[in-house]
Amino acid sequence: MAAGGHQEEEGIAVSDAAARVQTMVAAVNDRFVPINDVKAMLQTGRFEGQQVTYKTKRHKLNLLHGVIRGAAYFCSCGDCDHNGKALSARAFEQHALKNGKETHNPNDHIILCSSNISLFEACRKLKEARNEATLEGTFDAIIKSHHEAVPKQNNAPNAEAPAINTSADDPNLIDIVRNLEKRVKSTETRMENLQSHVDTIEKNIDFFCKEMVRYQELFQDLSKVLGKFVDDM
């Protein structure tokens, strides 16, 4: 009986331990908050201070650099005038495109400089996480390398805009310069072709003018001959 009672007590202890483990697992799962959109992703604070760039899909041009603060973007373009204005994704796109046509999904063009993927793609990856551990692992995989932290932005109207890396070895700056060089070369080629057409047109005009003078002289000679012929009659 004593042995049976001891086994029964051990069974109860194991059952209690299993129940406590289940309670702990449930508590962990209760703390898990799934990522449903880009705003929720940014509100986690995991991308705080991360540098971003707006890149076109067609030409792969980096049009505007900025930094994430909270669930907003900050840039130092001429429109912001270094006043630390918080921008939505759509507003950040408008600052990048100026008078260009807006896209259907601006977050698909706002690229994380640390991992070179768009915020939309990062959110898609995070949506697949089904527990806290997987979510944290996905965050770590997305933020592959941390850039130097940017000083926290003050929301005061006259606060300075966040510092953006514009050194000569900045890969984004190099990308911009290379694309500009290609465009300049293309423009120069077009100008040369246009100048060639202009030269051809000028030569044709000069030839036409000379021919007109020649015809005028022939008409004058013809008039003299006709006048003499009439006088002789």
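**Surface and layout**

Tutor: Accessible areas here come from the Shrake-Rupley method with a 1.4 Å probe, and for residues only the protein chains shown count as cover. This is a predicted model, where local features need pLDDT of at least 70 and side-chain atom pairs count only at pLDDT 80 or more, while totals for chains, interfaces and linings use all residues. Residues are numbered from 1 along each chain as its sequence is written, and side-chain values use heavy atoms, with hydrogens and water left out.

Student: OK, how many helices and strands are there?

Tutor: Six helices and four strands. Both are DSSP runs numbered from the N terminus: helices are H or I with at least four residues, strands are E with at least two. From the N terminus on, the order is α-α-β-β-β-α-β-α-α-α.

Student: And how much of the protein is buried?

Tutor: Buried residues make up 29% of the 233 residues. Buried means under 20% relative accessible area, exposed means over 50%, and partly exposed is in between (1.4 Å probe, protein chains only).

Student: In what order do the strands sit in the sheet?

Tutor: The order is β3-β2-β1-β4, in an open sheet with antiparallel pairing. Two strands pair if DSSP finds at least two bridges between them. β3 and β4 are the edge strands, each pairing on one side only.

Student: How many bridges hold β2 and β3 together?

Tutor: Four, between β2 (residues 62-69) and β3. Strand β1 (residues 51-55) pairs with β2 over five bridges, and Lys55 stands opposite Asn62 in β2.

Student: Which way do the β3 side chains point?

Tutor: Ala72 and Phe74 point one way, Tyr73 and Cys75 the other, and all are buried. In a regular strand the side chains alternate between the two faces of the sheet.

Student: What lies across the sheet?

Tutor: Helix α3 (residues 89-97) lies across β1, β2, β3 and β4, running at about 150° to β2. For that angle, axes are lines fitted to C-alpha atoms, for helices over the stretch in contact, and angles run from 0 to 180 degrees between N-to-C directions.

Student: Switching topic: how many salt bridges are there?

Tutor: Nine in the whole structure. A salt bridge is a side-chain nitrogen of Lys or Arg within 4 Å of a carboxyl oxygen of Asp or Glu. One of them joins Glu136 and Arg46, with the closest N and O atoms 2.6 Å apart. That pair links distant parts of the chain, 90 residues apart: Glu136 is in helix α5 (residues 132-142) and Arg46 is in the loop between α2 (38-43) and β1.

Student: Which residue does Glu93 bridge to?

Tutor: Arg90, at 2.4 Å from N to O. Glu93 and Arg90 are three residues apart in helix α3, so about one helical turn separates them. Glu93 is buried at 0% relative accessible area, whereas Arg90 is partly exposed at 26%.

Student: Last one: which residues make the nonpolar patch?

Tutor: Phe208, Met212, Tyr215, Leu218, Phe219, Leu222 and Leu226, covering about 760 Å². Patches use residues with over 30% relative accessible area and no salt bridge; like charges are joined within 9 Å, nonpolar side chains (Val, Leu, Ile, Met, Phe, Trp, Tyr) within 5 Å. Leu222 sits in helix α6 (residues 171-232) and is partly exposed at 44%.

Definitions and conventions
Contact means heavy atoms within 4.5 Å.
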